[in-house]
Amino acid sequence: MRPSATGPGGGGGGGGRRKAGAAAAAAAASREWLVVPATGRARVEEAGKHAVMARTGLPARDLRVLDPLLSYPSTILGRERAIVVNLERIKAVITAAEVLLPNSKDPDFARFVRDLQARVLTATSDQAAEFTDMEVGSSAVASPLPAPNSSKDHELDMTKKTPISLGEIEMTHSSSVPTLAAVKDGSTKVLPFEFRALEVCLESSCRSLEEETVTLEKEAYPALDELTSKISTLNLERVRQIKSRLVAISGRVQKVRDELEHLLDDEMDMAEMYLTEKLTRQDISEASSRVEVDSPAHLEEDKLEDRDEDYKSELDESNGSFIGYKPNIEELEMLLEAYFVQIDGTLNKLSHLREYVDDTEDYINIMLDDKQNQLLQMGVMLSTATVVITAGVAVVGLFGMNIGISLYNPETPEEKQAANVMFWETACGTIASCAILYIVAMVLGKRSGLLQ
């Protein structure tokens, strides 16, 4: 057995080492997060995994999607209190009040943060103006109702803060949760904070993929045209690299498109993303259960219950994240469809480029096959010429044998002249016979279709 330290100094040293190790482990587990609240003022916070889980209500497996060291496909997850977004370089946790982003020094990340802050600030100012107009209309409609006669009634009004008029629903949560103002007739519609943040994420991802696609198109089409005009090793290498980039970008775009299509096909996942509405409904339910109301307020509660009936639906037993209602997912569906059409257009561009690359490859293969056929024809012609010349060489070899004949030993001048004539007749006849044989072979080859 290992001896243990019995002195007070040994025990203190072991405890100090354990505490230091625990502190180092906690420091290693924590990371920097850029927090963008509804006010648009970003700040950097250092938080560990468990702190983020307690803050957003997410399980550990959802936070692993945001780990930059792990490779996960494009994903949008709707949970009870947060939305997890992993689209290309955009990794975010969206709640009803803030957006948590893993801090990064990437220029694209800084651009995304600027877009998010601008969108949040613009929407917040517009929302405040619309909320003021709606308060005026609400007070005008509610003016025929009797005013509270006691301080108790006034305190009740201040506690609930949920005035309901005949044509409007006004939902408030707290200073950290953005207000959702909606008019039933469709004249005014302000997206909640989580949808505005989700829209910025989708817009940034689609824009990034679109820019990469346009850049690839500008490089690909001239390179392919140059390859068709001149087949060289350099041009073939450029086209090979372009095709590799095309395959990679097409896969990324396809993953984003599949994720949006999956969300559009699943209404339950879309309903999970209404974080502000779920929080507001929960606050209204808690306020109504705590407070005793008089008869005029009973009328208001009846109206609220009638409006709640439009959102209630039968829940799936396996899904326990709903609070007894199903929100109208039309606005989120329209938002997702808009970016689905955009990413589908980007995928169509890549498909057209892929078809152009395939057509170019087919054209290059045809050209190479034609060159190969020409080389084969030249080989056939050279082989035929070799055979014919070999026949002439055989004739020359016959006359070159060391055999004594009268042709080689003329005695009179007439025999010498006759021998000379016979030599030239034999040489020219041999050459003419080889040429005739070669021409006959070429004609037979063309007639039979072996040569063109």
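**Exercise 1. Which side chains meet in a salt bridge at 2.5 Å, N to O?**

Before you start, note that this is a predicted model, where local features need pLDDT of at least 70, side-chain atom pairs count only at pLDDT 80 or more, and totals for chains, interfaces and linings use all residues. Residues are numbered from 1 along each chain as its sequence is written, and side-chain values use heavy atoms, with hydrogens and water left out.

*Solution.* 
- Step 1: Look for a side-chain nitrogen of Lys or Arg within 4 Å of a carboxyl oxygen of Asp or Glu, which is what a salt bridge means here. Arg119 and Glu203 form such a pair at 2.5 Å.
- Step 2: Arg119 belongs to helix H4 and Glu203 to helix H6 (residues 193–229), so their bridge ties together parts 84 residues apart in sequence. Helices are DSSP runs (H or I, at least four residues), as are strands (E, at least two), numbered from the N terminus.
- Step 3: Check accessibility. Arg119 has a relative accessible area of 26% and Glu203 one of 27%; both are partly exposed, the class between buried (under 20%) and exposed (over 50%), using a 1.4 Å probe and protein chains only.

**Exercise 2. Find the parts that the salt bridge of Asp108 ties together.**

*Solution.* 
- Step 1: The partner of Asp108 is Arg89, with the closest N and O atoms 3.8 Å apart.
- Step 2: Asp108 sits in helix H4 and Arg89 in the loop between strand S4 (83–87) and S5, so the bridge links parts 19 residues apart in sequence.
- Step 3: Asp108 is partly exposed at 38% relative accessible area, and Arg89 is partly exposed at 45%.
- Step 4: Now widen the view: the structure holds 22 salt bridges. Those that share partners join Glu88, Arg89, Asp108, Glu212 and Arg252 into one network.
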